[in-house]
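Q: Hi! Could you walk me through this one while I have it open?

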Amino acid sequence: SVRERMSSILIRLQEQSVLEFSQLYTRAEGRMGLVVSFLAILELAKQALLTMTQSQAFAPIHIQAA
């Protein structure tokens, strides 16, 4: 679920200061994993718990705790 993924993202950000979006889901999860991860980071950003940066179009999205 999105809430579970939000928790796992916050835990991973405590272990590592910066993560790439592609590190938040596995290929085996398919589109559903991708969508759940994206919704989770959007919700965390909305709550001001993390920040997302992207240097240019189509570049990796970097996520770090706020």
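Predicted model: local features only at pLDDT ≥ 70, side-chain atom pairs only at ≥ 80, totals over all residues.

Q: Got it. What does the secondary structure of the chain come to?

A: The chain has two helices and three strands.

Q: And in what order do the elements run from the N terminus?

A: The order is α-β-α-β-β, starting at the N terminus.

Q: How does the radius of gyration compare with that of a compact globule?

A: They agree: a compact globule of 66 residues would have a radius of gyration near 11 Å, and the chain has 11 Å. Along the principal axes, the C-alpha atoms fill a box of roughly 25 × 25 × 20 Å.

Q: What share of the residues counts as buried?

A: That would be 24% of the 66 residues.

Q: Now contacts. Among those with a separation of 6 or more, how much comes from residues 24 or more positions apart?

A: Such residues account for 49% of those contacts in the chain.

Q: Let's switch to the rings. How many aromatic pairs are there?

A: The count comes to two aromatic pairs. One of them is F21 with Y25, a tilted pair at 5.4 Å centre to centre, with 55° between the planes.

Q: Are those two residues buried or exposed?

A: F21 is buried, because its relative accessible area of 11% is under the 20% cut-off. Y25 is at 26%, so Y25 counts as partly exposed.

Q: And what about F21 and F38, how are their rings arranged?

A: Their centres lie 5.9 Å apart and their planes meet at 85°, so this pair is edge-to-face.

Q: Why does that pair tie together separate parts of the chain?

A: Because F21 lies in the loop between β1 (18-20) and α2 (30-46), whereas F38 is in helix α2; the parts joined are 17 residues apart in sequence.

Q: Which residues do the ring pairs link into a cluster?

A: F21, Y25 and F38. F21 takes part in the tilted pair with Y25 and in the edge-to-face pair with F38.

Note on methods
Residues numbered from 1 in each chain as written. Heavy atoms only, no water. Phe/Tyr/Trp six-rings, centres within 6.5 Å; stacked < 30°, edge-to-face > 60°. Buried < 20%, exposed > 50% of the residue type's maximum accessible area, 1.4 Å probe, protein only. Helix = DSSP H or I, 4+ residues; strand = E, 2+ residues; numbered from the N terminus. Rg over C-alpha atoms; globule rule 2.2 N^0.38 Å. Contact = heavy atoms within 4.5 Å.
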